[in-house]
Amino acid sequence: MSKSNTPEILQLIHQDHEEVQGLFEQFHKSVSAKDGEEKADTISKQILDNLKLHTELEEKIVYPSLKDQDPKIFYESREEHHVVDLLIVELQQLKVSNPAYAAKMAVMEESVKHHIQEEESQMFKLISQLPEDTLDELVEVWKMQKQRAQK
């Protein structure tokens with residue numbers, strides 16, 4: 001993804017995507033390590049927090065501007081978020097030591113990777129076509145909400 005002609009909002013979304021994929025990798029390494037449970041727990045909390053914030057920001061800020069452009073992508077993306085939200089709730093009720101935990105996390109990772117791939121191939125094209133002032137507004141609101149959430 002070349003930075004120069006990529007709208008900033010797409011760079012911000014892509015950054016989040018990269019970050020969460022890195023966290024998934026760290027989670028797998030630590031969960032399979034001998035005494036990595038504590039680390040896996042910390043990383044998984046980070047994954048869940050990041051995903052919750054990211055999906056919320058996308059749905060509140062970015063998705064509404066796409067609904068008219070492509071309702072099919074809009075609704076499918078919302079459903080993919082919904083599946084991740086359900087998995088987050090279930091993961092929060094389990095301990096990392098539970099054998100089902102890593103399995104659920106793996107299913108969530110597959111779902112998230114699929115969503116990222118679709119989003120970055122289809123949705124990014126749509127977002128790129130938005131007017132410049134709309135794009136600037138999306139960036140402003142995104143950064144503001146993200147800062148607020150991370151305090």
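## The chain as a whole

Two residues are in contact when they have heavy atoms within 4.5 Å of each other. Among the contacts in the protein chain between residues at least 6 apart in sequence, 73% join residues at least 24 apart. Please keep in mind that this is a predicted model.

What secondary structure does the chain contain? There are five helices and zero strands, giving the pattern α-α-α-α-α when read along the sequence.

## Size and surface

Taken along the principal axes, the box filled by the C-alpha atoms is roughly 50 × 30 × 25 Å.

As for burial, 40% of the 151 residues are buried. The chain exposes about 9000 Å², and carbon and sulfur atoms supply 50% of that area.

## Helices H1 and H5

Two packed helices are described by the angle between their axes and the distance between the axes. For helix H1 (residues 8-32) and helix H5 (residues 132-149), the angle is about 35 degrees and the axes are 8 Å apart.

Which residues make this contact? From H1 come Glu8, Ile9, Leu12, Ile13 and Asp16, while H5 brings Leu135, Leu138, Val139, Trp142, Lys143 and Lys146. By type, the residues of the contact divide into seven nonpolar, no polar and four charged.

## A closer look at Lys146

Lys146 lies in helix H5. Why does Lys146 count as buried? Its relative accessibility is 17%, and buried means under 20%, so Lys146 falls in that class.

The side chain of Lys146 makes a polar contact with the side chain of Asp16, at 2.5 Å. Both residues also take part in the contact of H1 with H5. Leaving aside neighbours within four places in sequence, Lys146 is in contact with Asp16, Leu53 and Leu57.

## Glu90 in helix H3

Now turn to Glu90, which is found in helix H3 (residues 71-92). With a relative accessibility of 33%, Glu90 counts as partly exposed, because that class lies between the 20% limit for buried and the 50% limit for exposed.

How far apart are Glu90 and Leu66 in space? From C-alpha to C-alpha the distance is 30 Å, and the two residues are 24 residues apart in sequence.

Key:
Residues numbered from 1 in each chain as written. Predicted model: local features only at pLDDT ≥ 70, side-chain atom pairs only at ≥ 80, totals over all residues. Heavy atoms only, no water. Axes fitted to C-alpha atoms, helices over the stretch in contact; angles between N-to-C directions. Helix = DSSP H or I, 4+ residues; strand = E, 2+ residues; numbered from the N terminus. Nonpolar A, V, L, I, M, F, W, Y, C, P; charged D, E, K, R; others polar. Buried < 20%, exposed > 50% of the residue type's maximum accessible area, 1.4 Å probe, protein only. Areas by Shrake-Rupley, 256 points an atom, 1.4 Å probe, with all protein chains shown as cover. Polar contact = N/O pair within 3.5 Å; in protein donor to acceptor, adjacent residues only side chain to side chain.
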